[in-house]
Amino acid sequence: MGIFKIKRPTFIHAIKSAILTALLKNKHKKNSITLTHNTTYVLPSTLGVYFTIVALLNFVMGINYQNNLILFMAYLMFVIIIFALLLGYSNAKGLTVSFKYAIESYAPQPPQLVWQIKANDICQSITLSYPNNFEHTCYIESVKTDAIQCQLSLPYLKRGRYSLKPIKIASNYPFGLVSVWSYIQPSHAVYVYPSIIKTLNQQLSQMTANDDEGAEKHQGDDEFESLITHLPEMGLQRVSWKHYAKTQQLLVKQFSDFKSAETQFDFNLMTGDTEQRLGQLCYLVCQAFESDINYSLKLPNMVIENGSGNFHQQRCLQALSSVDTDYE
């Protein structure tokens with residue numbers, strides 16, 4: 001008979017997340033926050049708690065032994081911890097942290113968040129950190145009235161779409177005796193695109209080659225395709241006078257625009273498992289974008305119509321990131 005075991009770390013993190021969500025409500029769910037009395041939390045740090053315990057022990061010893069010097073030291077330590085709490089809050093008050101944009105990545109590289117930070121006065125020792133992510137933090141030694149930017153790496157290495165959790169803004173100034181912190185949770189999702197896997201697509205290769213030849217021959221004009229009989233409404237701009245000299249016939253040059261040609265990248269036509277197919281599609285989408293070729297994308301759960309450009313590429317890559325991994 002199997003014994004049921006609770007995964008303590010996961011269980012504890014779930015409880016912390018539930019408590020944090022209940023306490024924060026909606027006042028921290030925004031793209032920009034300014035630290036004020038109702039969005040800032042101040043408590044002694046771990047070092048500050050030890051410092052306070054030592055002060056209490058000194059106070060008890062001073063009373064028991066009627067030693068004025070020990071009592072004076074205890075009072076002085078209490079004054080220091082109170083001064084640190086006030087100074088720590090004063091240091092962080094007025095700090096404004098704004099979410100600018102996300103730098104999305106290709107697996108297994110982590111995405112990043114770009115922040116803008118400014119303060120009404122000099123603010124020292126600020127740290128931005130993501131929940132349960134102590135390896136990647138953004139530390140700013142000093143913030144002045146001029147806005148600065150910093151990048152915070154996220155702990156997401158696998159392909160997918162991730163909603164942002166509350167980002168902690170913290171400071172241990174001064175002396176490391178206090179913790180002053182707040183949270184900000186932008187209403188944004190970040191994407192980790194599939195790993196790029198090189199593959200060969202005959203239609204895309206042919207279109208790219210034709211487009212390159214056309215650019216080389218006509219310096220960016222459309223590619224010459226054939227000659228057709230001249231009609232009165234066509235004008236004389238494209239008449240081939242060379243052929244007229246030989247045949248005495250008015251013939252017009254007809255061009256084809258390779259950039260208007262269409263190709264479709266189909267998930268079912270790729271090879272390998274799900275991740276390999278998505279990686280191949282990711283490569284084809286990037287190649288088509290670089291060559292400025294129109295393309296559509298067919299996935300098991302959706303179809304993206306024909307298009308081109310930066311926005312179309314981003315839409316396709318985000319769709320590839322969001323594909324369910326239950327199917328092969």
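Q: How do strands E4 and E12 run, and how many bridges join them?
A: First, some ground rules: this is a predicted model, where local features need pLDDT of at least 70, side-chain atom pairs count only at pLDDT 80 or more, and totals for chains, interfaces and linings use all residues. Residues are numbered from 1 along each chain as its sequence is written, and side-chain values use heavy atoms, with hydrogens and water left out. Strands here are DSSP runs of E with at least two residues, and helices are runs of H or I with at least four, numbered from the N terminus. E4 and E12 (residues 189-193) run parallel, and the number of bridges joining them is two.

Q: What is the strand order of the open sheet with mixed pairing?
A: Two strands pair if DSSP finds at least two bridges between them. E4 (105-106) and E9 (160-163) are the edge strands, each pairing on one side only. That open sheet of three strands has the order E4-E12-E9.

Q: Which residue in E12 is the bridge partner of serine 105?
A: Serine 105 falls within E4, which spans 105-106. Its bridge partner in E12 is valine 192.

Q: Which residue forms a salt bridge with glutamate 275?
A: A salt bridge is a side-chain nitrogen of Lys or Arg within 4 Å of a carboxyl oxygen of Asp or Glu, and the structure holds one. Its closest N and O atoms are 2.7 Å apart, and the partner of glutamate 275 is arginine 159.

Q: How many residues apart in sequence are the parts that this pair ties together?
A: Glutamate 275 lies in helix H6 (residues 274-290), while arginine 159 is in the loop between E8 (148-153) and E9. So the pair ties together parts whose separation in sequence is 116 residues.
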